[in-house]
Amino acid sequence: MSISYSYILQRAWPIILANASVPLLALADTAIIGNLGTTSDLGAIAFGSLIFNFIYWSFGFLRMGTTGFISQANGARNEPEVRNVLWRSLLIAGVIGASIILLQWPIKWLTLSALHGDMTVETLAADYFSIRVWGAPATLATFALMGTLIGLGASRLLLALQIFLNGLNIVLDYFFAGFLNMGASGIALGTFIAEWSAFIVGLFIVISLLRRRNKDSSSEKFIHWQKILDPQLIHATLSANGDIFIRTVLLLLAFYWFTDQSAQFSNDILAANHILLQIISFSAFFIDGFAFVAESLVGTAIGGKNKIHFQQAVKRSSILAGITALGLAVIIVLLGQHVVDALTNITTVREAAYSSLWFVAIYVLFSVGAFQLDGIFIGATRTREMRLASLQATAIFFLTSLVLTPWLHNAGLWLSFIVYVLCRALMLLRFFETVSPR
C-alpha cells in the first residue's frame with residue numbers, strides 16, 4: 001500500500017490540533033487567575049509554569065524515544081516488543097518522576113533562587129510547586145503513552161487524550177481557583193488531578209488498543225518482565241533517551257541565549273522578541289504535526305525494511321510540511337502586524353516587533369528542514385547523530401551571534417537565529433544516507 005498525501009494529512013491534523021490545544025490551557029489559567037485571583041497569584045503561576053515547562057521539556061525524550069522504538073517494532077510486526085517498549089518507557093518515566101518528587105526541595109530552592117520576584121510571589125510559587133510536583137510521575141508516564149499512540153499511528157486517540165487532559169484541567173482549575181478561591185494553589189491542585197486522571201485514562205486507551213492488536217496471539221504474555229528488563233534493550237533505550245535529552249537541553253539553551261541577548265538591547269526589544277517567539281512557537285504546532293507523522297512512518301518503514309515506504313514517507317511528509325511552512329510565512333508577512341497588535345498595545349514594542357517580522361517569516365520557512373529531519377531521525381532512533389548535530393549547530397549559533405550582534409544589533413541576532421535553524425538541518429542532512437532501510 002502506497003503512503004499517499006491524503007493518508008499523511010489524515011494522520012497529521014489530529015496531532016496539529018492536539019499540539020495547538022496546549023497553549024489554550026495556559027491561556028485559560030491566565031484568564032482564570034487574571035479575573036478571579038491576585039497579581040501575586042498570576043506571578044506565582046508564571047514562575048511555577050516556567051519551572052515545570054523546563055523540567056518536562058527536558059524529559060521530552062520519553063515521548064520521542066518511545067515513538068521511534070514503538071514504530072520500528074510495529075513495522076517489524078513484533079507485537080510483544082511493542083508492548084515491551086511501552087512498559088520499559090513507563091518504568092523509566094516512573095523512576096524519573098519519583099526522583100523529581102524525592103528531590104523536590106532542592107529543585108524548588110534552586111529554581112526559585114534563580115528567579116527574582118517579591119516575597120509574596122515566591123511564597124505562592126513555592127506552594128504551587130509543592131502541590132503540582134506530585135503529578136510529575138503521571139505527566140512523564142503520559143509522555144510515554146502519547147509516544148506509543150504516535151508510533152502506532154493512532155493520532156485521533158492522541159487528540160482525544162489531549163482534549164480530555166486540557167478540558168478537565170480547565171474545569172478543575174476554574175473550580176479550585178475560581179469557585180473555591182484558592183488562587184495559584186487551586187491551579188496547581190487542578191493540574192495535579194488532571195495529570196493523574198489523564199494518565200489513568202491514557203493507560204486504559206493504550207492497553208485497550210494493544211489488547212485489540214494482540215487478539216490473534218492471546219497465548220503470549222501481555223507483560224513479559226524478563227524481556228522488558230533485558231539489560232541490552234534497557235541500555236539501548238537509555239542511550240537513545242540520553243542523546244535526545246542532550247539535544248533538548250541544547251535547544252533550550254539556544255532559546256535562552258536568544259532571550260538573554262535580546263535583553264542586552266532594551267526592554268522594548270526583549271518584549272518584542274518574546275512576542276515574535278510566540279508566533280514562531282504557534283507556527284511550530286503546524287509544522288511539527290508532519291514531523292510527528294514522519295517519526296511514525298519512518299520508524300514503521302525501517303522496522304519493516306521497506307525502502308519504498310521510507311522514501312514516500314520522507315518525500316511526501318516533507319512536501320506537505322514545506323507547503324505549510326510557506327503558507328505560514330506568507331501569513332506572517334501579510335498579517336503579522338495585526339497579530340502583534342493583538343498581543344500588545346505598547347507602541348514602542350509594536351514598532352520593534354514590526355521591524356523583525358520578515359526575520360520571523362524566514363525563520364519559520366527555513367525551520368521545516370530541522371523539524372522534518374528531527375522526525376526522520378527520531379523514527380529511525382538515530383539519536384547519536386541528533387546529539388552531534390545539535391552540538392555543532394548550537395556552537396555555530398553562539399559564534400555567529402557573537403560576531404553579528406555587535407555589528408547589526410537585533411537584526412544580527414535574528415540572522416544568527418536563522419543560521420542556527422538552518423544548521424540544525426544541514427548538520428543532520430550529512431547523515432541522511434545512513435538512515436534509509438537497506
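## Basis of the model

The model is predicted, so local features need pLDDT of at least 70 and side-chain atom pairs count only at pLDDT 80 or more, while totals for chains, interfaces and linings use all residues. Residues are numbered from 1 along each chain as its sequence is written, and side-chain values use heavy atoms, with hydrogens and water left out.

## Overall build

The chain has 17 helices and 0 strands. With a radius of gyration of 22 Å, close to the 22 Å that the globule rule gives for 438 residues, the chain is as compact as a globular protein of that length. Here the radius is taken over C-alpha atoms, and the rule is 2.2 Å times the number of residues to the power 0.38. Helices (H or I, at least four residues) and strands (E, at least two) are DSSP runs, numbered from the N terminus. Along the principal axes, the C-alpha atoms fill a box of roughly 65 × 50 × 35 Å.

Of the 438 residues, 53% are buried; buried means under 20% relative accessible area, exposed over 50%, and partly exposed in between, with a 1.4 Å probe and protein chains only. The accessible surface of the chain is about 19,700 Å², and 69% of that surface belongs to carbon and sulfur atoms. Areas come from the Shrake-Rupley method with a 1.4 Å probe, and for residues only the protein chains shown count as cover. Among contacts (heavy atoms within 4.5 Å) between residues at least 6 apart in sequence, 82% join residues at least 24 apart.

Thr 67 lies in helix H3 and counts as buried, at 0% relative accessibility. Leaving aside neighbours within four places in sequence, Thr 67 is in contact with Gly 147, Ile 150, Gly 151, Glu 295 and Ser 296. Ser 71 is also in helix H3 and is buried, with a relative accessible area of 0%. Not counting residues up to four places away in sequence, Ser 71 touches Gly 151, Glu 295, Ser 296, Gly 299, Thr 300 and Gly 379.

Leu 149 belongs to helix H7 (residues 136-151) and is buried, with a relative accessible area of 0%. Thr 67 and Leu 149 are 82 residues apart in sequence, and their C-alpha atoms are 7.8 Å apart in space. Pro 80 is 69 residues from Leu 149 along the chain, with 16 Å between the C-alpha atoms. Beyond residues up to four places away in sequence, Leu 149 touches Ala 154, Ser 155, Leu 157, Leu 158, Leu 161, Ile 205, Val 206 and Leu 209.

## Loop residues with positive phi

Asn 181 is in the loop between helix H8 (155-179) and helix H9 (183-213). Its phi is positive, about 55°, although Asn 181 is not a glycine. The residue counts as exposed, at 58% relative accessibility.

Lys 305 lies in the loop between helix H12 (267-303) and helix H13 (307-343). Phi of Lys 305 is near 55°, a positive value in a residue other than glycine. At 64% relative accessibility, Lys 305 counts as exposed.

## Cavities

On a 1 Å grid over the protein atoms alone, a cavity is a set of points where a 1.4 Å probe fits but cannot get out, and a pocket is an open set with protein on both sides within 12 Å along at least five of seven lines; lining residues have an atom within 4 Å of a point. Grid points are joined across faces, edges and corners, and a volume is the space filled by probe spheres set on the points. The count comes to 3 cavities of 30 Å³ or more.

The largest cavity has a volume of about 50 Å³. Its lining consists of Arg 247, Asp 374, Met 386, Ala 389, Ser 390, Arg 424 and Leu 428. Helix H16 (383-408) and helix H17 (410-429) each supply at least two residues of this lining, and H16 gives the most, with 3 residues. By class, the lining has 3 nonpolar, 1 polar and 3 charged residues. Ala, Val, Leu, Ile, Met, Phe, Trp, Tyr, Cys and Pro count as nonpolar, Asp, Glu, Lys and Arg as charged, and the others, Gly among them, as polar.

## The second largest pocket

The second largest pocket has a volume of about 460 Å³. It is lined by 19 residues, of which Asn 74, Gly 75, Arg 77, Thr 300 and His 309 lie nearest its centre. The lining residues divide into 6 nonpolar, 9 polar and 4 charged. Helix H1 (5-36), helix H3 (61-75) and H12 each supply at least two residues of this lining; H12 gives the most, with 4 residues.
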